[in-house]
Amino acid sequence: MIKRIYSDIRLYIASAWYSYRALYAWQTIGPYISGKIAFPIAQMLFFLYLGKLAGVQNPLYIVIGNILLLPATNGVAGVSMTISGERDFRTLPYLIASPAPRGPLFLGRSLVHILDGLLSTIAALILGVLFFHVDLSHSNLGLTALCILLLSVTSCGMGLILGSLSLRTRAAWEITSMISILLYILSGVNFPIDVLPKFLQAISYSLPLTRGIQAARLAMSGATWSTISQLFTGELLIGLVYIVAGYTLFIWFEKLSLVDGQIEAM
Amino acid sequence: MRLNRLPFVWKQMNVQFRMRTLNLLAFGLTVTQPVIFSAVGYFLARTAGRAQIDFIHTIIGSGVMGMWSTLLFTSFFDLRADRREGTLELLVGSPTSIFSILSIRAFANVLLGCVSFLLSMIVAMSLFGFALPHGNFPYFLVSLAIMLFGFWCIGIFLAHWPVVSRLSGLFLNYLELPIGMLTGFMFPVSLLPAWAQWLSMLTPLSWAFKGLSASFQSDIDLPSLWINWMMTLGISLVFLVGTFFMSKRVQDMIRVTGELSSV
């Protein structure tokens with residue numbers, strides 16, 4: 001048993017390390033940092049000006065929402081891309097043929113995205129304070145950090161579900177991109193969920209991120225654990241459901257692909 | 001012997017359309033993304049307690065933004081796809097110049113992006129009761145044609161960058177929203193700081209969108225519309241001529257040095 005756990009941890013770390021090497025080791029610091037600065041600023045400004053045009057009273061709501069979406073985007077897009085990337089680089093059959101357990105093998109790959117998402121968020125928060133006057137002086141910083149970590153983890157479940165589609169379709173990345181931009185509406189990033197029609201509110205609350213972003217907003221405004229505990233626990237549970245669903249879907253699609261021999265044909 | 005280029009143009013466009021219409025990414029860029037951006041604008045207006053939206057920027061603008069996103073991600077990544085699939089060498093080795101090939105592809109991509117614009121017009125007319133003011137149709141058509149020309153020139157310019165540098169891909173992903181802001185598709189450029197307003201004058205797309213917006217107004221300011229048209233054409237031509245010389249230089253360079261796949 002202990003040997004098995006040790007082996008899984010070793011595989012998880014090795015998987016994370018190779019994922020890091022594949023994704024970032026070749027990059028120079030300049031483009032990486034510029035990506036961390038350029039993209040968040042562009043995204044915040046774009047929606048901020050949309051808000052200005054609409055006459056939104058509290059533009060900081062949009063800025064903070066877009067900062068909080070960054071770890072989630074990393075989780076969703078990063079994890080999905082990791083699996084579809086294996087397909088693009090023709091390495092997916094080797095992974096599928098290997099006897100390694102799928103959990104640590106693929107979840108290890110998401111560790112890099114979780115860490116990168118956290119880095120992105122820290123960078124965006126600094127930019128938010130410097131350029132958009134985000135006030136963190138009353139924030140519950142520990143709880144905010146915990147909420148951001150939670151968002152990074154729970155979003156990986158959605159990434160896993162979308163990434164699993166790579167086993168059955170070539171268009172997994174495109175589907176991921178479309179779902180990712182839907183989050184601008186459904187996760188309460190740019191405006192409160194209450195303004196959405198009822199059916200969209202129902203979809204919104206069945207997604208990870210919605211409660212996590214609400215909890216993080218409250219923590220940033222100084223709320224304590226008792227205020228956000230319900231939202232936090234809800235986010236954690238939904239995230240776990242998505243991770244389990246993603247893993248189950250992956251195993252199911254893997255079996256289907258092995259049966260019909262279409263792992264790279266679809 | 002003078003060759004008839006039309007069959008080549010037709011075949012190239014045919015292939016490009018087939019590749020794009022069967023591609024979910026193109027659907028996402030031309031349909032999903034504009035709808036999402038429009039919806040964000042709409043819900044932001046509801047958050048602000050406004051019953052009306054600025055339909056030119058929120059609806060039409062998101063359609064034009066969709067054209068821009070489609071052009072950016074299709075034109076730029078066309079050549080990267082060739083490199084990945086091993087067809088870049090064949091393209092460069094063929095007697096047809098890279099400039100001709102990429103121009104036709106960019107044209108097909110611009111036409112594909114029009115789907116986005118058409119959808120936004122349909123939404124504006126059907127859901128928001130928008131009607132083009134009487135007598136404005138010719139101005140609208142000219143404005144649209146000039147805007148498409150502007151998009152085409154920018155598309156050719158973008159399409160050449162992967163030949164110039166592999167690294168350009170790292171930065172191009174971040175161009176979509178900044179250029180979308182500078183062009184004022186989804187909100188007026190006047191909301192931007194003064195330096196950004198000056199910068200926006202350097203892109204033909206901002207003038208083109210100003211011209212298109214002006215053609216929707218019931219009282220058209222003709223001299224101003226002409227300025228918008230001329231500025232779009234002038235700046236677009238600068239991009240086109242610049243790209244033509246860049247293309248020749250790059251094609252010569254990669255043939256002489258044999259560094260096609262390493263750049």
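Of the contacts in chain A that link residues at least 6 apart in sequence, 79% are formed between residues at least 24 apart. The model is a predicted one, and the values reported here are computed from it.

Chain A contains ten helices and zero strands; read from the N terminus, its elements follow the order α-α-α-α-α-α-α-α-α-α. Its radius of gyration is 19 Å, close to the 18 Å given by the globule rule for 266 residues, and chain A is therefore as compact as a globular protein of that length. Along the principal axes, a box of roughly 55 × 45 × 40 Å holds the C-alpha atoms of chain A.

Of the 266 residues in chain A, 54% are buried. With regard to charge, chain A carries 16 positive and 11 negative side chains, and a distance of 3 Å separates the centres of the two sets.

In chain B, Thr30(B) is located in helix 2, which spans residues 24-47. The relative accessible area of Thr30(B) is 6%; since buried denotes a value under 20%, Thr30(B) is classed as buried. When residues up to four places away in sequence are not counted, Thr30(B) is in contact with Thr70(B), Leu112(B), Gly113(B), Ser116(B) and Leu119(B).

Conventions: Residues are numbered from 1 along each chain as its sequence is written. Chains are lettered from A and ligands numbered from 1 in the order in which they are written. This is a predicted model: local features need pLDDT of at least 70, side-chain atom pairs count only at pLDDT 80 or more; totals for chains, interfaces and linings use all residues. Side-chain values use heavy atoms; hydrogens and water are left out. Helices (H or I, at least four residues) and strands (E, at least two) are DSSP runs, numbered from the N terminus. The radius of gyration is taken over C-alpha atoms; the globule rule is 2.2 Å times the number of residues to the power 0.38. Buried means under 20% relative accessible area, exposed over 50%, partly exposed in between (1.4 Å probe, protein chains only). Contact means heavy atoms within 4.5 Å. Lys and Arg count as positive and Asp and Glu as negative; His and the chain ends are not counted. The place of a charge is taken as NZ of Lys, CZ of Arg, CG of Asp or CD of Glu.
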